[in-house]
Amino acid sequence: MNYLLPRRATLAMISVAALLSTGFAATDAIEQNTAHALGLDEGSFTISDHSNDGIRTRYTVKTNTGRRYSCYVTGLGASFPVSDAMCTELGKAGQQATTDASCNALLKAAGKC
């Protein structure tokens with residue numbers, strides 16, 4: 001029975017190392033999900049200030065027109081798919097970014113777009 005503990009510990013360390021070696025949320029997925037969330041073309045914004053707290057990746061987006069957003073996704077990449085991007089325009093606290101196409105009368109009345 002004593003041989004099980006080292007074997008389990010070794011297996012756990014290998015699993016963690018494999019997970020970490022795959023990297024955090026894939027950059028391509030972050031860019032694609034951010035473009036979709038903001039209704040922008042890929043390449044029409046830059047992503048900076050990445051920070052990871054395990055599963056959540058936080059970052060800042062600056063569009064070519066100068067608008068800035070604070071965004072995050074959850075997920076680790078291949079093993080755990082990246083979630084949709086959640087973004088809030090800086091300077092407009094509490095308002096989730098919406099596009100003109102998704103802005104309806106109810107959202108306008110609530111001040112969300």
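This is a short tour of the model open in your viewer, stop by stop.

**Before you start**

The model is predicted, and local features need pLDDT of at least 70, side-chain atom pairs count only at pLDDT 80 or more, while totals for chains, interfaces and linings use all residues. Residues are numbered from 1 along each chain as its sequence is written, and side-chain values use heavy atoms, with hydrogens and water left out.

**Stop 1: the whole chain**

Show the protein as a cartoon. It has three helices and four strands, where helices (H or I, at least four residues) and strands (E, at least two) are DSSP runs numbered from the N terminus. Along the sequence they follow the pattern α-α-β-β-β-β-α. Of the 113 residues, 24% are buried; here buried means under 20% relative accessible area, exposed means over 50%, and partly exposed lies in between (1.4 Å probe, protein chains only). Contacts are heavy atoms within 4.5 Å. Among the contacts with a separation of 6 or more, 27% are between residues 24 or more positions apart.

**Stop 2: colour by confidence**

Now colour by pLDDT, the predictor's confidence in each residue, from 0 to 100. The mean for the protein is 74, and 61% of the residues reach 70 or more.

**Stop 3: helix H2**

Select residues 27-38, which make up helix H2. The expected span of a helix is 1.5 Å times one less than its number of residues. For the twelve residues of H2 that should give 16 Å, and the end C-alpha atoms are 16 Å apart, which agrees.

Next, show the side chains of Ala29, Ile30, Asn33, Thr34, Ala35 and Leu38, the buried residues of H2. An α-helix has 3.6 residues a turn, so residues three or four places apart point the same way. What covers these buried residues includes strands S1 (45-52), S2 (56-63), S3 (68-74) and S4 (86-89).

Stay with Asn33 for a moment. It counts as buried because its relative accessibility is 18%. Beyond its neighbours within four places in sequence, Asn33 is in contact with Val82, Ser83, Asp84 and Ala85. Draw a distance from Asn33 to Ser83: their C-alpha atoms are 7.8 Å apart, although 50 residues separate them in sequence.

Just after the helix, click on Gly39, which takes a positive phi of about 70°.

**Stop 4: Ser44**

Move on to Ser44, in the loop between H2 and S1. Is Ser44 buried or exposed? Ser44 is buried, with a relative accessible area of 18%. Its side chain reaches the backbone oxygen of Asp41 at 2.6 Å. Leaving aside neighbours within four places in sequence, Ser44 touches Thr63 and Asn64.

**Stop 5**

Select S1 and S2. Two strands pair if DSSP finds at least two bridges between them; S1 and S2 run antiparallel and are joined by six. Look for Asn52 opposite Thr57 in S2. The two strands form a hairpin with three residues between them, and Gly54 in the turn has a positive phi of about 115°.

Asp49 in strand S1 is worth a click too. Its phi is near 55°, a positive value in a residue other than glycine. Asp49 is exposed, at 57% relative accessible area.

S2 and S3 pair in the antiparallel sense over seven bridges, and Lys62 stands opposite Arg68 in S3. This hairpin has four residues between its strands, with Gly66 in the turn at a positive phi of about 95°.

**Stop 5: the disulfide**

The sulfur atoms of Cys71 and Cys87 are 2.2 Å apart. The link is right-handed, with 115° about the S-S bond. It joins distant parts of the chain, Cys71 in strand S3 and Cys87 in strand S4, 16 residues apart. Both Cys71 and Cys87 are buried.

Terms used:
Disulfide = S-S within 2.5 Å. Polar contact = N/O pair within 3.5 Å; in protein donor to acceptor, adjacent residues only side chain to side chain.
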